[in-house]
Structures are given as C-alpha cells and as structure tokens.
Amino acid sequence: MSGEFSSGGPVDEVAPVVDGRLTDPGWLVTAAPEQVAAALEGAVGPREVTAAAVYRASGHVHRDAGPVVRRQVLALDAARCGDRELLAGLTEVPVRQEADGSWTVQWATGTGLDSRLRHALPAPAGVTAVATVVVEGRGLAVAGCADGTLLWWDPVTGGQLGRAATGHPGGVRGLATAVVDGRPVAVTVGSDGTVLVWDLDEGEPVGEYRAGGDDRIFTLATARVGGRPVLVAGSTDGVVRVWDLAAPARADALLTIRTGHVPALATAVVDGRPVAVTGHAEGAVRRWDLTTGREFRAGGDGAEDSGPFADPPSDLPAAAEGGAGDDDGDDGFRRCITLEVNAMTHLLATDPVVECPVAISANAYETYVWDLATGEQRSGDAPGFAEAAALAVLDGRPTALLGFGRGRVAVLDLSARRRPCRPLIGHEGTVRGAAAVAVQGRHFAVTGGDDRSVRIWDLDGASDGGLGGGRATGSLPAGRAAPVRAVTTAVVDGRPVLVTGGADTEVRIRDLDGGGQLGGPLTGHTAAVELLTAGAVEGRLTLLSRDRHESVRIRDLTTREELHGRSTSEYASPSVHSFAVVEGRFVAVTSEGRVWDLSAHAWIGVQPEQGGALALAALGGRHLLLTGHRTETAQLWDLATGDRTGPPLTGHTGTVSAGAMGMLDGRPAVVTGCGDGTVRVWDAAAGRRIGAYAFPAAIGGLALAQDGRLAVVFGPDVAVLARR
C-alpha cells in the first residue's frame, strides 16, 4: 500500500494556512471549505483558536453551502462562542447575489457547542453506522447511510477520501472494517441481507457474501483468527458464519455455528483468543471460540461443542495450545457465564483490536458493561436506551462511548475509579453509530446519526470538562444552561425580555438586548418545559408554561407570583399544540387548528380547512391562525370565518416545524421555520418572502417581539436576530 487513500483517483493535498487568515472574516466566508479546514489545526493564540472553534461548530454545513449561508452560520456560531469582534466582522463581509441580507445575529446561546469537536462532516442521509480502521499509521472514519451511500474520511484532517453508492436497498444496515493484505476494507450489509466487501483504497467492491436460500444476513463483525482477517455474520436461519476476507471469491464458510437468532453481534480478544459475542432475544449474552465454534458454558465447566453444521475446513487456523478445545476445561474461559438480562439485546460492542475483555450490551431498558473474562457486571453502567456503542482505551483505562436519542453521546470511564466525563455535545438527532480510533498517538471518537452528519471528536481532551486539552472556545454569553425547548417574548416594566423553557424544568427570563439572565429561574415544573405563552390576561402580564408531564403553571410575569396551577384535562390534553391570548384570556390551540376558550369552556371561531396549527395571533384587527405544521406550505386563516387570508406561503424545501406572527414595519408578517434549519420571513398580505436566515440545526420554536426582533430556537440553543 502506498500510504494514500483515495476513491479511485488522486487526492489533492491542501496545505495548511499559517499566515493569520483564520482571523480574517472575509477569508473564512469565501475561501474553499477544504482549505479552511486544513488550516484549523494550525491555529495559534486565543483569537485563532476561537475562530477555529467557530468554523468547526457547523463544518458539515459549510462544506456544501454557498457564501451567503456560510456567512450567516459563521456569524451565528461566533455569537454562540461569545466572540463579538468576529461576529461584527462576519456581519460586514460583502457577499454577492445576497437577496435576504436584512437580518443579523444580535446574540445566541452556546449550549450546543463543544470544543472537543474536531470535524463536523456532511452526509447525504441519516447515518446508520460508523466504523474506523488504521493502516500504516493512517486512519479512516467510515460511515454508512440510509440512502445506501458509503463514505470515508481522514479523521485527522477531516478530508473526504472516498464515496460510493453501495446499492443496498433501504440503505446500509450494518458496517464493519478490517485490514486485508495491508489494505483497508469495509464490509456492509443491507436490508436485503446481502453483504458487500469494499476496497477503500480503490473505492470499489471486491467481494459479496450471502447466507443462501431465503435466509438473510443482518448482523456482522470482523476479527482475526490465526492472523487471518475473517468476517463473522449472523443470519435469519440462526447460524453464525465465518468467512475468509482474504479470499472473497470463496463462497463456503470457514466455520458455521448454531447460535440461534442473534439480534446483536461483536468480536473480541480474550486471553489472546478470538471470540464471537452474541446477544439474544431472551437477553442472554453468549461467547463462542472462533477457532473451534464451541460455546463456553456457565459455571466454569469449560467449553462444550455447539454442534456446528460442518467440521471446520482444514485450512481454518487451529485453536491455540491449551485452548478451548481441551477436554479438561482448564482455559481462560472457565469463569465465563451466560449473562441474563431478561430483554432482547439489540446492541453489542467490544474492542477486537486490543485485548480489552469488556463488552457493552443494551436492551430497551438499560445499558450494561460486562467483564468477558469473569462474566461479572462492571460498575458504572449507564441507564437508558443506547442506540450505538464503542470501546476505547484512554490513559490505559477502558472507556465507553454510548450514543442515545436527542444527540447525546456519553463518555464513560469503566474503571469505576473516575467519574464519567461530560457528554459530547453537538448532534441534533439520535446517534446511530459510534467508533473510536487511535492515530499517531491521538485518540478520536467518530459518531453519526439522524442529523446527517458525522462528527469527529478529540478524546484526549474528554476528561478535562470538555476543554479539549485547554482549547476553550471563548466565553459563552448564556452559560451552560439546559437545551431550550420553548420560547416567547414580552415587555416587562418597559424592558423587552425573552422567556425560555428547557430540559432542566426551569423557566428563564433574559434581557432581549444582551441575553443576560434577569433574576433566578422560575421553578415548579417536574419535566422539560415545552410550551410557553405570555400576554395580558385579566389586566396582568401573565405567563403560562406547560411541561412534558402536561403540568401547567401560570404566573404574573412582572411580580413572578404564581397565580394558580392548572392540571385539568383542558390544559393537559396532549392534542393542545400551543396556547395563545385572545381578547384578554387564554385559549388552547389544537394540532387540528381548533381553538378552545379556557375561560368559557367552549370552542371559538371556525375550524380551518387545513390542519397543522402553528400559531395564533391578532393582526390587522383580525385573529389569524397560521397552519402548515409538517407540510412544505404555510397558510393564514381568519379565525372568525375560516377563510384563507392571502396566498399560500411556499418555498420551504422541507417540512415546516415552527411559526410565528407579528408586525414588521407596520405590516403583518409571518415567520416560518423548517426542519432543514431555514427560517423565512414573509409579508403576510402579499405572500412574498422578505427575509431568510440559515441555521445549523432544525428549527424548534419562533417568537416575534413587539420591536421586530426575532427569537429562534434551533437544536438546543436560542438566537435573537435583529433587522439590519
């Protein structure tokens, strides 16, 4: 192997820039993303380090965006990092063909930032699996996607090295890597049960495996048996097959093992022996010797014959002397037991590269850590439903990477002598794949998920509170508060304020001008706050908040006095999409667009023809309802008549996820947010777009203040935009 990875052609080397351009806002906006990415590792001094962190925060957006979007997102991330000087410089960068330059970032929170992030890489679809491989001191991070695409990158530079369409119907279901004859290979399996082997040096398929008949392969892993790379695959017929990866043209398996149905599969090395670890529907985690096909039974009685379909061929590497095939059972597995966890094991992770006899298993309720040599459960298990897991060795200690829903990636020290590190922060959707790799003395984590991004993290800085070995990203204006879920605006004692609710169950009031928190948080909720409404009710400025448990709190926003709590079905109904204030009283708006008067206990207005309610507000002397949730088109309706008002608002390329209404420059305006991260501002009467801004995450909430400023919830953060 030449030491270069490619996708069928040469890879252009981009020389790092070391002449101070990282602090030039114009260069960050207009330079080729590959050139900027190559310069980030050479950042020197606080200003360059912060600029590098700003660029990395949304790297997956910059690589495919034009200068207009790139400038918007860079300015947003500069605000999230608290770099006011860089924010001002980015805002003033001229960009050609800009049609929507009337909005600028005033401030933003930085909850979703993590300075351990080295690269955020774009993927064409949701990432279903990731893996890593190292050859001749160079590493690859490999990702399989829901659209059947296979991609791979250099984890050190973040440069893309290859891309191939696998052809699996329904996408890549499983992914593993290996080194064959000094070359990196990836093995993928699709929903059709077909396994393809890819030479990552050439970007071409070099082999294919099938279970035979109508049976399908659905789990796979790789290992080395007697120095030979092998593929270990579980299929619907309850058989685990071992194939020789060095001879992809050979159709017959080296070994077949009757394991029963195997929802999860991994390989490990224990006491120098290659082992297959299988997870089963009844919750059992079992171990098999890959040299003999024998299972190691419980109670320290040694290995017993599992009854393989066929005797191992003569060219299968034999078991080591004194190994699992010995009848006296005096071997390294004599202490192993079958691990019963009473629920289907859907996930297994081990480390077959180094002799780290630890396995991670997960079911629908819990994530477990096991010592494969003793069969004992280790301390430090992580609660929750893990979707992805990987093992690494950091500072000589076994470390687990666990991916969960809502983008959380936990980093756990399994030695039980150190507390878990702060989670890796950045993904905006469920994490489906996790892997670890050590390249030239540096340790990286690779994660991917539903947000169509692959992220590479610096694990060497994972234990220091997330500062990446001291590489802080600057002061964050709103601190490390919990992710924002709901937002509204108001004017309290003449001061415009922003009210936010988050996952920590608290409601915070912030200065709309600078983002600083005003007073302590409002408490009393027992779950994440997801709905907020402020308005003049019965002559008082009143705030209504509701949490995920559908508990309602109503407070005087001026005095912070709690007026009364609401727990009736009218407030707690799950069909309520939002609350609003109509003629001095609270109303509930259902997802179908019907409006319920919470004081009169009666329906008001006429239900519009279209469902998908987004917001309700009084504009131009009429109460208007905005609909279009989960569609690509928004529409305004007169609440009294049920008639459309104005043309439909079209232009989103994804489904609308949030909406707001208000007055801009004396005219009724509508704001819509999309799952693809775009916010559009519309002239409500003309149906004409009058502004737009791009965000690096899905839009979760919108609020239009009386002075025309716009609050946007994106991912876990909130930003305030002002008219230029």
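**Entry 1: positive phi values**

I began with E583, which is exposed, with a relative accessible area of 60%; here buried means under 20% relative accessible area, exposed over 50% and partly exposed in between, with a 1.4 Å probe and protein chains only. The model is a predicted one, so I note that local features need pLDDT of at least 70, that side-chain atom pairs count only at pLDDT 80 or more, and that totals for chains, interfaces and linings use all residues. Residues are numbered from 1 along each chain as its sequence is written, and side-chain values use heavy atoms, with hydrogens and water left out.

I looked up E583 for its backbone: phi is positive, about 50 degrees, although the residue is not a glycine. E583 lies in the loop between strand 38 (576-582) and strand 39 (585-590), where strands (E, at least two residues) and helices (H or I, at least four) are DSSP runs numbered from the N terminus. Most residues other than glycine have a negative phi. R560 is another residue I noted, with a positive phi near 65 degrees; R560 is found in the loop between strand 36 and strand 37 and is partly exposed, with a relative accessible area of 30%.

I then followed the open sheet of four strands, whose order is 34-35-36-37 with antiparallel pairing; two strands pair if DSSP finds at least two bridges between them. Strand 34 (529-537) and strand 37 (562-566) stand at the edges with a single partner strand each, so one side of each is left without a neighbour in the sheet. Neighbouring strands of this sheet are turned by 15 degrees against each other on average, direction ignored, the axes being lines fitted to C-alpha atoms, with angles that run from 0 to 180 degrees between N-to-C directions.

I traced the pairing through strand 35 (residues 540-547), which pairs with strand 34 in the antiparallel sense over eight bridges and with strand 36 (residues 552-556), also antiparallel, over five bridges. T542 of strand 35 is the bridge partner of G535, and the bridge partner of T542 in strand 36 is D556. Six of the eight residues of strand 35 are buried, so this strand is largely enclosed by the rest of the structure.

Both hairpins were checked for phi. Two residues lie between strand 34 and strand 35, and E538 in that hairpin takes a positive phi near 55 degrees; four residues lie between strand 35 and strand 36, and there E550 takes a positive phi near 65 degrees.

I recorded an open sheet of three strands in the order 42-43-44, with antiparallel pairing. Its edge strands, strand 42 (613-619) and strand 44 (635-638), each pair on one side only, and neighbouring strands are turned by 25 degrees against each other on average, direction ignored. Four bridges join strand 43 (residues 622-627) to strand 44, and L626 stands opposite L636 in strand 44.

**Entry 2: rings and charges**

I found five aromatic pairs in the structure; rings of Phe, Tyr and Trp (its six-membered ring) pair if their centres lie within 6.5 Å, and planes under 30 degrees apart count as stacked, over 60 as edge-to-face and the rest as tilted. One of them is the tilted pair of F695 and F714, at 5.1 Å centre to centre with 45 degrees between the planes. This pair links distant parts of the chain, 19 residues apart, with F695 in the loop between strand 48 (688-694) and strand 49 (699-704) and F714 in strand 50 (residues 710-714). Both F695 and F714 are buried, and ring pairs link Y693, F695 and F714 into a cluster.

P696 lies in the loop between strand 48 and strand 49 and is buried, with a relative accessible area of 13%. The C-alpha atoms of P696 and L76 are separated by 9.1 Å, although the two residues are 620 residues apart along the chain.

I also noted that the charged end of R408 sits over the ring of F404, 4.1 Å from its centre, the rule being that NZ of Lys or CZ of Arg is within 6 Å of the ring centre and within 35 degrees of the ring normal. R594 lies over the face of W603, at 4.1 Å from the ring centre.
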